[in-house]
Amino acid sequence: MVLMLPVTIMGIVVGVYLRTSEYRHEEALLHLIALAGCGAIETIVPGPFVEGGPGYHPRNDPDGDGVACGTQRSISGQSAVPQPAEMPRSRTVGNAKFLRP
């Protein structure tokens with residue numbers, strides 16, 4: 001019975017998240033699964049995920065272009081603008097900031 005406590009707590013947390021999320025229930029679940037990373041969410045729905053939409057998390061967007069779990073596809077013949085080469089790429093996880101040399 002004590003072993004079921006984590007499962008019960010997770011059920012309560014997911015239920016509260018679904019009720020308080022700004023997304024519909026299906027989109028809120030995708031957003032929650034995306035917290036685990038791109039591999040977990042792309043097994044359910046192929047990316048990319050745009051900033052502000054369900055499934056987007058800044059930690060899944062290493063280059064900071066607003067598109068997570070994939071590259072931005074060209075829109076009407078325009079390609080994505082590359083980042084300047086002289087700027088170091090940075091990534092944040094929680095409150096820590098990591099710089100790639």
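This is a short tour of a predicted model, stop by stop.

Residues are numbered from 1 along each chain as its sequence is written. In this predicted model, local features need pLDDT of at least 70 and side-chain atom pairs count only at pLDDT 80 or more, totals for chains, interfaces and linings use all residues, and side-chain values use heavy atoms, with hydrogens and water left out.

**Whole chain**

Start with the cartoon view. The protein chain has 3 helices and 4 strands. Helices (H or I, at least four residues) and strands (E, at least two) are DSSP runs, numbered from the N terminus. The order from the N terminus is α-α-α-β-β-β-β.

Areas come from the Shrake-Rupley method with a 1.4 Å probe; for residues, only the protein chains shown count as cover. Of the 101 residues, 21% are buried. Buried means under 20% relative accessible area, exposed over 50%, partly exposed in between (1.4 Å probe, protein chains only). Among contacts (heavy atoms within 4.5 Å) between residues at least 6 apart in sequence, 25% join residues at least 24 apart.

**Helix 1**

Select residues 5–20, which are helix 1. Show the side chains of Leu5, Ile9, Met10 and Val13. They form a nonpolar patch on the surface, with about 380 Å² of accessible area together. Patches take residues with over 30% relative accessible area and no salt bridge; like charges are joined within 9 Å, nonpolar side chains (Val, Leu, Ile, Met, Phe, Trp, Tyr) within 5 Å. Valine 13 has a relative accessible area of 46%, so it is partly exposed.

**The loop to helix 2**

Move to serine 21, in the loop between helix 1 and helix 2 (25–34). Is serine 21 buried or exposed? Serine 21 counts as buried because its relative accessibility is 17%. Its side chain reaches the backbone nitrogen of tyrosine 23 at 3.2 Å.

Select arginine 24 next. How many salt bridges does a search of the whole structure find? The search finds 2. A salt bridge is a side-chain nitrogen of Lys or Arg within 4 Å of a carboxyl oxygen of Asp or Glu. Arginine 24 meets glutamate 26 at 3.9 Å, N to O. With glutamate 27, the closest N and O atoms are 3.6 Å apart. Arginine 24 counts as exposed because its relative accessibility is 56%. Glutamate 26 is exposed too. Glutamate 27 is at 23%, so it counts as partly exposed.

Stay in helix 2 for histidine 25. Histidine 25 is partly exposed, with a relative accessible area of 48%. Draw a C-alpha distance to glycine 15: 9.8 Å, across 10 residues in sequence.

**The core**

Select Ala34, Ile41, Phe49, Tyr56, Ala68 and Cys69. These 6 residues are the largest nonpolar core. Such a core is a set of buried Ala, Val, Leu, Ile, Met, Phe, Trp, Tyr and Cys residues joined through side-chain atoms within 4.5 Å. In soluble globular proteins, nonpolar side chains tend to be buried together. Zoom in on alanine 34. Leaving out residues up to four places away in sequence, alanine 34 touches Ile41, Gly55, His57 and Asn60.

**Last stop: glycine 37**

Glycine 37 sits in the loop between helix 2 and helix 3 (38–42). At 13% relative accessibility, glycine 37 counts as buried.

Terms used:
Polar contact = N/O pair within 3.5 Å; in protein donor to acceptor, adjacent residues only side chain to side chain.
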